[in-house]
Each structure stands twice: as C-alpha cells, then as structure tokens.
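Welcome! Here is a short briefing to read with the structure beside you, taken one topic at a time.

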Amino acid sequence: MAQFIGLIGFTLLAAAAGVSFVMQQAVNADLRASLESAAWAGFVSYLGGTLCMLLLAVVMRDAVPNTAAVARSSWWAWSGGLFGAIYIAISIALVPRLGTATFVALLVAGQMLASLAFDQYGLFGLAQHSASPARLVGAALLVAGVVLIRL
C-alpha cells in the first residue's frame with residue numbers, strides 16, 4: 001500500500017512539473033513581448049531560477065562543493081546551463097508562433113527521440129537500454145501525436 005501511495009505521489013509531482021513547464025513557456029513568452037527581447041527574457045528566467053536554487057541550497061543546508069568534487073566531475077556536466085539557454089531561447093521564440101500545445105508536443109517528441117538514442121548507446125554515463133521494437137513504436141506514436149496536435 002505504501003508503495004502505491006508513493007507511486008501516486010511521484011505521479012502527481014511529475015504532473016506538477018509538467019504544469020510548471022507549460023507555465024514557464026507562457027510567462028517567458030509574455031516577458032519576451034513586454035521586454036521586446038528574447039535574450040533579456042531568458043536572462044530574467046535564468047536569474048529567477050538561479051535565485052530559487054540558491055535559496056533551496058541554503059534551506060537544505062547543502063555545503064558548497066569543494067574543489068575535489070568539482071575536479072571529479074566530467075567536463076560535459078558543466079554544459080547543462082548552455083543547453084538550458086538554447087532551450088529557453090528557442091521556446092521564447094517559438095511558443096508565440098506555434099502555441100504551447102504544438103511546441104510542447106514537438107519538444108516531447110524531440111526529447112523522446114534523443115532519449116532513445118542516449119539510452120541505446122549509454123551516452124554521457126547513462127545506463128544502456130536497447131531501443132526495443134516496443135520503444136520504437138511508442139516513439140513513432142508520439143511523433144504521430146505531434147502531427148495530430150499540429151493539424
């Protein structure tokens with residue numbers, strides 16, 4: 001029973017993350033229109049996120065990573081902000097043109113296809129999971145869903 005309740009809790013948290021994601025798209029697009037700048041809207045978005053994560057680290061009393069921990073990390077582990085900035089810039093530019101439903105559908109399709117490749121080859125230290133026929137059919141159905149949403 002406790003495992004079932006935990007699953008429900010995780011499901012609700014994941015759904016809340018999805019709602020938060022769509023909200024981020026909407027407010028970033030609105031900020032872009034107000035500021036007349038995708039770059040400044042992205043900067044404000046990242047600044048807000050940075051301040052929230054700093055507050056979380058303080059509240060959780062996480063120690064600042066030491067130089068040994070930093071040195072142990074892979075070079076690519078430090079590129080997350082770059083990829084996040086690419087994502088934010090593209091979303092700020094496309095959400096007003098495509099709408100949130102189409103943008104999110106395309107985003108999820110891209111995530112699914114990239115995830116299949118990352119899993120297939122165990123890229124960036126991830127565990128390897130073969131692209132089974134069932135997984136490939138699921139990805140194809142997702143892409144079909146993108147097409148239907150765009151119609």
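**A buried asparagine, and what surrounds it**

Asparagine 28 has a relative accessibility of 4%, so this residue counts as buried. Keep in mind as you look that the model is predicted. Asparagine 28 sits in helix H1, which covers residues 2–35. Setting aside neighbours within four places in sequence, asparagine 28 is in contact with Ala41, Ser45, Ile88 and Ile92.

**The overall picture**

- The protein has six helices and zero strands, and reading along the sequence gives the pattern α-α-α-α-α-α.
- The C-alpha trace spans about 45 × 45 × 40 Å along its principal axes.
- Of the 151 residues, 15% count as buried.
- The accessible surface comes to about 10900 Å², and carbon and sulfur atoms account for 74% of that area.
- If you take the contacts between residues at least 6 apart in sequence, 57% of them join residues at least 24 apart.
- There are 6 positive and 4 negative side chains, and the centres of these two sets lie 6 Å apart.

**The nonpolar core**

- Which residues make up the largest nonpolar core? The five are Ala29, Val95, Phe103, Val104 and Leu107.
- Helix H5, residues 100–121, gives the most to this core, with three residues.
- Valine 95 is in contact with Gln25, Ala29, Thr100 and Phe103, once its neighbours within four places in sequence are left aside.

- Not counting residues up to four places away in sequence, valine 146 touches Ala105, Leu106 and Ala109.
- How far apart in space are valine 146 and leucine 107, C-alpha to C-alpha? They are 9.4 Å apart, while 39 residues separate them in sequence.

**Aromatic rings**

- The count of aromatic pairs in this protein comes to five.
- Tryptophan 76 is partly exposed, with a relative accessible area of 32%.
- Trp75, Trp76, Phe118 and Phe124 form one aromatic cluster.

- Glutamate 36 is not a glycine, yet it has a positive phi of about 55°.
- You will find glutamate 36 in the loop between H1 and helix H2 (38–59).
- Is glutamate 36 buried or exposed? Its relative accessibility is 73%, so glutamate 36 counts as exposed.
- Phenylalanine 124 is in the loop between H5 and helix H6 (133–150), and at 46% relative accessibility it counts as partly exposed.

Methods:
Residues numbered from 1 in each chain as written. Predicted model: local features only at pLDDT ≥ 70, side-chain atom pairs only at ≥ 80, totals over all residues. Heavy atoms only, no water. Helix = DSSP H or I, 4+ residues; strand = E, 2+ residues; numbered from the N terminus. Buried < 20%, exposed > 50% of the residue type's maximum accessible area, 1.4 Å probe, protein only. Contact = heavy atoms within 4.5 Å. Areas by Shrake-Rupley, 256 points an atom, 1.4 Å probe, with all protein chains shown as cover. Lys, Arg positive; Asp, Glu negative; His and termini not counted. Charge placed at Lys NZ, Arg CZ, Asp CG, Glu CD. Core = buried A, V, L, I, M, F, W, Y, C linked by side-chain atoms within 4.5 Å. Phe/Tyr/Trp six-rings, centres within 6.5 Å; stacked < 30°, edge-to-face > 60°.
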